[in-house]
Amino acid sequence: MLANLLEYEFLRNTFLTGIIIGIIAPLLGAFIVVRRLSLIADALSHVTLAGIAFGLFLEKKTGAMLITPFYSGLGFSVLGSIIVERLRRVYTAFQELAIPIILSGGVGLSVIFISLANGFNTDLYNYLFGSVSAVSRQDLYMIIGIAIIVCTVIYFLYKELFLLSFDEEQAVVTGIHAKRIHFIFIVLTALVIAASIRIVGVLLVSSLMTLPVASSIRIAKGFKQTIIYAIIYGEAAVIFGLVAGYYLEIPPGGTIVMLLILFLIATMLIKNVIAKVKSRKHRIKNGVIE
(Lines give C-alpha, C1' and ligand atoms only; values in the text may rest on other atoms or scores of the structure.)
Protein backbone atom coordinates (compact mmCIF):
# COMPACT_ATOMS: atom_id res chain seq x y z
CA MET A 1 0.00 0.00 0.00
CA LEU A 2 2.78 2.41 0.95
CA ALA A 3 4.65 1.67 -2.30
CA ASN A 4 1.50 2.35 -4.35
CA LEU A 5 0.87 5.50 -2.34
CA LEU A 6 4.29 6.83 -3.32
CA GLU A 7 3.92 5.69 -6.92
CA TYR A 8 0.41 6.80 -7.89
CA GLU A 9 -0.58 10.46 -7.73
CA PHE A 10 -4.31 9.75 -7.42
CA LEU A 11 -3.70 7.75 -4.21
CA ARG A 12 -1.61 10.56 -2.73
CA ASN A 13 -4.34 13.05 -3.63
CA THR A 14 -7.01 10.86 -2.05
CA PHE A 15 -5.16 10.24 1.21
CA LEU A 16 -4.13 13.88 1.60
CA THR A 17 -7.74 14.87 0.98
CA GLY A 18 -8.93 12.27 3.49
CA ILE A 19 -6.60 13.59 6.18
CA ILE A 20 -7.81 17.15 5.57
CA ILE A 21 -11.49 16.17 5.56
CA GLY A 22 -10.95 14.11 8.71
CA ILE A 23 -10.01 17.34 10.45
CA ILE A 24 -12.40 19.98 9.13
CA ALA A 25 -15.59 17.87 8.99
CA PRO A 26 -15.63 16.89 12.71
CA LEU A 27 -14.29 20.35 13.63
CA LEU A 28 -17.32 22.03 12.12
CA GLY A 29 -19.55 19.12 13.10
CA ALA A 30 -18.97 19.84 16.79
CA PHE A 31 -20.58 23.26 16.40
CA ILE A 32 -23.37 21.82 14.25
CA VAL A 33 -24.31 19.19 16.85
CA VAL A 34 -24.20 21.63 19.77
CA ARG A 35 -26.43 24.04 17.85
CA ARG A 36 -28.87 21.17 17.13
CA LEU A 37 -28.48 21.59 13.37
CA SER A 38 -27.36 18.05 12.57
CA LEU A 39 -29.87 17.71 9.73
CA ILE A 40 -28.50 20.79 7.96
CA ALA A 41 -25.66 18.64 6.61
CA ASP A 42 -28.17 16.25 5.04
CA ALA A 43 -30.10 19.13 3.48
CA LEU A 44 -27.02 20.77 1.98
CA SER A 45 -25.63 17.45 0.78
CA HIS A 46 -28.77 16.89 -1.29
CA VAL A 47 -28.44 20.40 -2.73
CA THR A 48 -24.82 19.52 -3.56
CA LEU A 49 -26.08 16.41 -5.35
CA ALA A 50 -28.36 18.64 -7.44
CA GLY A 51 -25.33 20.75 -8.38
CA ILE A 52 -23.32 17.67 -9.33
CA ALA A 53 -26.17 16.37 -11.49
CA PHE A 54 -26.43 19.82 -13.08
CA GLY A 55 -22.73 19.69 -13.97
CA LEU A 56 -23.16 16.25 -15.54
CA PHE A 57 -26.19 17.53 -17.44
CA LEU A 58 -24.21 20.46 -18.84
CA GLU A 59 -21.44 18.11 -19.88
CA LYS A 60 -23.93 15.92 -21.73
CA LYS A 61 -25.66 18.80 -23.52
CA THR A 62 -22.56 20.75 -24.54
CA GLY A 63 -20.19 17.87 -25.09
CA ALA A 64 -17.54 19.81 -23.15
CA MET A 65 -16.87 20.16 -19.43
CA LEU A 66 -17.60 23.88 -19.01
CA ILE A 67 -17.64 23.37 -15.25
CA THR A 68 -16.79 20.17 -13.42
CA PRO A 69 -19.53 18.51 -11.35
CA PHE A 70 -17.40 19.13 -8.25
CA TYR A 71 -17.43 22.89 -8.75
CA SER A 72 -21.10 23.01 -9.75
CA GLY A 73 -21.88 21.03 -6.59
CA LEU A 74 -19.79 23.47 -4.57
CA GLY A 75 -21.70 26.42 -6.06
CA PHE A 76 -25.10 24.84 -5.39
CA SER A 77 -24.07 24.00 -1.83
CA VAL A 78 -23.06 27.59 -1.05
CA LEU A 79 -26.22 28.91 -2.72
CA GLY A 80 -28.30 26.43 -0.70
CA SER A 81 -26.66 27.59 2.52
CA ILE A 82 -27.55 31.19 1.73
CA ILE A 83 -31.16 30.20 1.06
CA VAL A 84 -31.29 28.26 4.33
CA GLU A 85 -30.11 31.27 6.29
CA ARG A 86 -32.63 33.46 4.48
CA LEU A 87 -35.47 31.04 5.28
CA ARG A 88 -34.41 30.96 8.93
CA ARG A 89 -34.91 34.72 9.03
CA VAL A 90 -38.31 34.48 7.33
CA TYR A 91 -39.58 31.75 9.67
CA THR A 92 -38.18 33.19 12.88
CA ALA A 93 -40.56 31.19 15.08
CA PHE A 94 -40.09 27.96 13.09
CA GLN A 95 -36.48 28.10 11.92
CA GLU A 96 -36.22 24.32 11.59
CA LEU A 97 -38.59 24.55 8.57
CA ALA A 98 -35.68 25.83 6.49
CA ILE A 99 -34.04 22.39 6.55
CA PRO A 100 -36.89 20.26 5.07
CA ILE A 101 -37.64 23.00 2.53
CA ILE A 102 -34.10 23.09 1.16
CA LEU A 103 -33.73 19.29 1.43
CA SER A 104 -36.91 18.76 -0.60
CA GLY A 105 -35.76 21.25 -3.20
CA GLY A 106 -32.37 19.55 -3.43
CA VAL A 107 -33.90 16.11 -3.92
CA GLY A 108 -36.35 17.42 -6.53
CA LEU A 109 -33.63 19.15 -8.55
CA SER A 110 -31.41 16.09 -8.25
CA VAL A 111 -34.06 13.82 -9.75
CA ILE A 112 -34.67 16.23 -12.62
CA PHE A 113 -31.01 16.78 -13.52
CA ILE A 114 -30.08 13.10 -13.11
CA SER A 115 -32.89 12.16 -15.50
CA LEU A 116 -31.81 14.81 -18.01
CA ALA A 117 -28.22 13.55 -17.77
CA ASN A 118 -29.31 10.02 -18.77
CA GLY A 119 -29.57 8.63 -15.29
CA PHE A 120 -26.86 7.04 -13.17
CA ASN A 121 -23.34 6.46 -14.44
CA THR A 122 -19.94 5.73 -12.94
CA ASP A 123 -19.15 9.39 -12.27
CA LEU A 124 -22.41 9.95 -10.41
CA TYR A 125 -21.93 6.73 -8.45
CA ASN A 126 -18.51 7.96 -7.28
CA TYR A 127 -20.01 11.25 -6.17
CA LEU A 128 -22.79 9.47 -4.29
CA PHE A 129 -20.61 7.06 -2.31
CA GLY A 130 -17.05 8.35 -2.63
CA SER A 131 -14.06 6.91 -4.47
CA VAL A 132 -10.36 6.31 -3.84
CA SER A 133 -9.52 7.48 -7.36
CA ALA A 134 -11.80 10.49 -7.84
CA VAL A 135 -9.62 13.27 -6.39
CA SER A 136 -7.62 15.24 -8.95
CA ARG A 137 -4.71 17.54 -8.17
CA GLN A 138 -6.95 20.53 -8.86
CA ASP A 139 -9.59 19.20 -6.45
CA LEU A 140 -6.91 18.72 -3.80
CA TYR A 141 -5.79 22.32 -4.11
CA MET A 142 -9.39 23.52 -3.80
CA ILE A 143 -9.94 21.35 -0.70
CA ILE A 144 -6.73 22.66 0.87
CA GLY A 145 -8.00 26.19 0.24
CA ILE A 146 -11.34 25.36 1.87
CA ALA A 147 -9.55 23.84 4.86
CA ILE A 148 -7.44 26.97 5.30
CA ILE A 149 -10.55 29.16 5.17
CA VAL A 150 -12.44 26.97 7.67
CA CYS A 151 -9.57 26.73 10.17
CA THR A 152 -8.82 30.46 9.92
CA VAL A 153 -12.44 31.47 10.49
CA ILE A 154 -12.84 29.03 13.40
CA TYR A 155 -9.65 30.35 14.98
CA PHE A 156 -10.64 34.01 14.81
CA LEU A 157 -14.37 33.52 15.51
CA TYR A 158 -14.14 30.69 18.03
CA LYS A 159 -15.42 32.78 20.94
CA GLU A 160 -18.37 34.12 18.95
CA LEU A 161 -19.32 30.69 17.59
CA PHE A 162 -18.97 29.13 21.05
CA LEU A 163 -21.26 31.69 22.68
CA LEU A 164 -23.83 31.50 19.89
CA SER A 165 -23.85 27.72 20.09
CA PHE A 166 -24.53 27.54 23.83
CA ASP A 167 -26.38 30.78 24.65
CA GLU A 168 -27.46 32.87 21.68
CA GLU A 169 -29.34 35.41 23.76
CA GLN A 170 -26.33 36.10 25.97
CA ALA A 171 -24.12 36.33 22.88
CA VAL A 172 -26.38 38.99 21.36
CA VAL A 173 -26.40 40.93 24.63
CA THR A 174 -22.60 40.99 24.65
CA GLY A 175 -22.63 42.67 21.24
CA ILE A 176 -22.00 39.74 18.89
CA HIS A 177 -23.55 40.21 15.45
CA ALA A 178 -25.52 36.95 15.43
CA LYS A 179 -26.89 37.16 11.89
CA ARG A 180 -23.48 37.76 10.37
CA ILE A 181 -21.89 34.90 12.33
CA HIS A 182 -24.77 32.56 11.43
CA PHE A 183 -24.29 33.41 7.75
CA ILE A 184 -20.53 32.77 7.87
CA PHE A 185 -21.08 29.49 9.72
CA ILE A 186 -23.65 28.14 7.27
CA VAL A 187 -21.43 29.00 4.30
CA LEU A 188 -18.50 27.21 5.96
CA THR A 189 -20.73 24.18 6.43
CA ALA A 190 -21.59 24.21 2.73
CA LEU A 191 -17.91 24.40 1.78
CA VAL A 192 -16.97 21.48 4.03
CA ILE A 193 -19.82 19.35 2.69
CA ALA A 194 -18.78 20.04 -0.91
CA ALA A 195 -15.16 19.27 -0.06
CA SER A 196 -16.05 15.97 1.62
CA ILE A 197 -18.08 14.44 -1.19
CA ARG A 198 -15.04 13.09 -3.02
CA ILE A 199 -14.15 10.85 -0.08
CA VAL A 200 -17.41 9.82 1.63
CA GLY A 201 -19.95 10.72 -1.05
CA VAL A 202 -22.95 13.02 -1.06
CA LEU A 203 -25.31 10.63 0.69
CA LEU A 204 -22.96 9.90 3.60
CA VAL A 205 -21.17 13.20 4.14
CA SER A 206 -23.34 14.25 7.07
CA SER A 207 -22.20 11.14 8.95
CA LEU A 208 -18.59 12.31 8.92
CA MET A 209 -19.69 15.59 10.51
CA THR A 210 -21.93 14.16 13.23
CA LEU A 211 -20.93 10.59 14.16
CA PRO A 212 -17.42 11.48 15.42
CA VAL A 213 -19.01 14.16 17.61
CA ALA A 214 -21.61 11.68 18.88
CA SER A 215 -18.75 9.46 20.07
CA SER A 216 -16.60 12.23 21.49
CA ILE A 217 -19.32 13.82 23.62
CA ARG A 218 -19.64 10.52 25.51
CA ILE A 219 -16.10 10.86 26.89
CA ALA A 220 -15.14 14.53 26.58
CA LYS A 221 -15.14 16.81 29.64
CA GLY A 222 -15.41 20.06 27.72
CA PHE A 223 -16.14 21.49 24.29
CA LYS A 224 -12.50 21.69 23.19
CA GLN A 225 -12.01 18.06 24.19
CA THR A 226 -15.10 17.21 22.18
CA ILE A 227 -13.51 18.76 19.09
CA ILE A 228 -10.17 17.00 19.64
CA TYR A 229 -11.72 13.56 20.21
CA ALA A 230 -14.08 14.03 17.26
CA ILE A 231 -11.13 14.76 14.97
CA ILE A 232 -9.32 11.65 16.25
CA TYR A 233 -12.39 9.50 15.58
CA GLY A 234 -12.87 11.09 12.16
CA GLU A 235 -9.24 10.66 11.10
CA ALA A 236 -9.15 7.02 12.21
CA ALA A 237 -12.33 6.19 10.30
CA VAL A 238 -11.22 8.00 7.13
CA ILE A 239 -7.75 6.42 7.02
CA PHE A 240 -8.96 2.88 7.71
CA GLY A 241 -11.92 3.40 5.38
CA LEU A 242 -9.70 4.51 2.50
CA VAL A 243 -7.33 1.58 3.01
CA ALA A 244 -10.26 -0.85 3.09
CA GLY A 245 -11.77 0.78 0.02
CA TYR A 246 -8.50 0.41 -1.88
CA TYR A 247 -7.91 -3.24 -1.04
CA LEU A 248 -11.53 -4.38 -1.25
CA GLU A 249 -12.27 -2.23 -4.31
CA ILE A 250 -15.39 -0.75 -2.74
CA PRO A 251 -16.52 2.86 -2.23
CA PRO A 252 -14.83 4.13 0.94
CA GLY A 253 -17.87 6.13 2.09
CA GLY A 254 -19.81 3.14 3.42
CA THR A 255 -16.75 1.71 5.16
CA ILE A 256 -15.99 5.04 6.84
CA VAL A 257 -19.54 5.38 8.13
CA MET A 258 -19.68 1.83 9.46
CA LEU A 259 -16.36 2.33 11.24
CA LEU A 260 -17.73 5.49 12.84
CA ILE A 261 -20.79 3.57 14.03
CA LEU A 262 -18.55 0.84 15.47
CA PHE A 263 -16.48 3.51 17.22
CA LEU A 264 -19.69 4.95 18.68
CA ILE A 265 -20.92 1.57 19.92
CA ALA A 266 -17.51 0.72 21.39
CA THR A 267 -17.28 4.10 23.12
CA MET A 268 -20.72 3.71 24.66
CA LEU A 269 -20.00 0.16 25.85
CA ILE A 270 -16.64 1.12 27.36
CA LYS A 271 -18.20 4.18 28.99
CA ASN A 272 -20.92 2.02 30.56
CA VAL A 273 -18.41 -0.56 31.80
CA ILE A 274 -16.22 2.13 33.37
CA ALA A 275 -19.27 3.74 35.00
CA LYS A 276 -20.34 0.39 36.49
CA VAL A 277 -16.83 -0.32 37.80
CA LYS A 278 -16.63 3.13 39.42
CA SER A 279 -20.08 2.70 40.92
CA ARG A 280 -19.15 -0.67 42.37
CA LYS A 281 -15.90 0.69 43.85
CA HIS A 282 -17.84 3.57 45.38
CA ARG A 283 -20.35 1.20 47.00
CA ILE A 284 -17.57 -1.02 48.34
CA LYS A 285 -15.75 2.02 49.73
CA ASN A 286 -18.90 3.10 51.55
CA GLY A 287 -19.49 -0.36 52.95
CA VAL A 288 -22.32 -1.32 50.62
CA ILE A 289 -21.32 -4.72 49.22
CA GLU A 290 -23.66 -6.62 46.95
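Me: What is the relative accessible area of Ile 184?
Reply: Ile 184 has 27%, so the residue is partly exposed (buried is under 20% relative accessible area, exposed over 50%, partly exposed in between, with a 1.4 Å probe and protein chains only). This is a predicted model in which local features need pLDDT of at least 70 and side-chain atom pairs count only at pLDDT 80 or more, while totals for chains, interfaces and linings use all residues. Residues are numbered from 1 along each chain as its sequence is written, and side-chain values use heavy atoms, with hydrogens and water left out.

Me: Where does Ile 184 lie, and what does it touch?
Reply: Helix H10, residues 178-200, holds Ile 184 (helices are DSSP runs of H or I with at least four residues, strands are E runs of at least two, both numbered from the N terminus). Not counting residues up to four places away in sequence, Ile 184 touches Val 153 and Leu 157 (contact is heavy atoms within 4.5 Å).

Me: What does the model show over 227-248 and 254-274?
Reply: Residues 227-248 are 100% helix and 0% strand, with end C-alpha atoms 31 Å apart. Residues 254-274 are also 100% helix and 0% strand, and there the end C-alpha atoms are 30 Å apart.

Me: How many helices and strands overall?
Reply: The chain has 13 helices and 0 strands. Its radius of gyration is 21 Å, close to the 19 Å that the globule rule gives for 290 residues, so the chain is as compact as a globular protein of that length (the radius is taken over C-alpha atoms, and the rule is 2.2 Å times the number of residues to the power 0.38). The C-alpha atoms fill a box of roughly 80 × 55 × 30 Å along the principal axes.

Me: And what share is buried?
Reply: Buried residues are 47% of the 290. Of the contacts with a separation of 6 or more, 78% are between residues 24 or more positions apart.

Me: Take Leu 164: buried or exposed?
Reply: Leu 164 counts as buried because its relative accessibility is 4%. Leu 164 sits in helix H8, residues 158-166. Beyond neighbours within four places in sequence, Leu 164 contacts Ala 171, Ile 176, Ala 178 and Ile 181. The C-alpha atoms of Leu 164 and His 182 are 8.6 Å apart.

Me: Switching to charges. How many salt bridges?
Reply: The whole structure has 1 salt bridge (a side-chain nitrogen of Lys or Arg within 4 Å of a carboxyl oxygen of Asp or Glu). The side chains of Arg 88 and Glu 85 meet in a salt bridge at 3.6 Å, N to O.

Me: Where do Arg 88 and Glu 85 sit relative to each other? Buried or exposed?
Reply: Arg 88 and Glu 85 are separated by about one helical turn, because they are 3 residues apart in helix H4. Arg 88 and Glu 85 are both buried.
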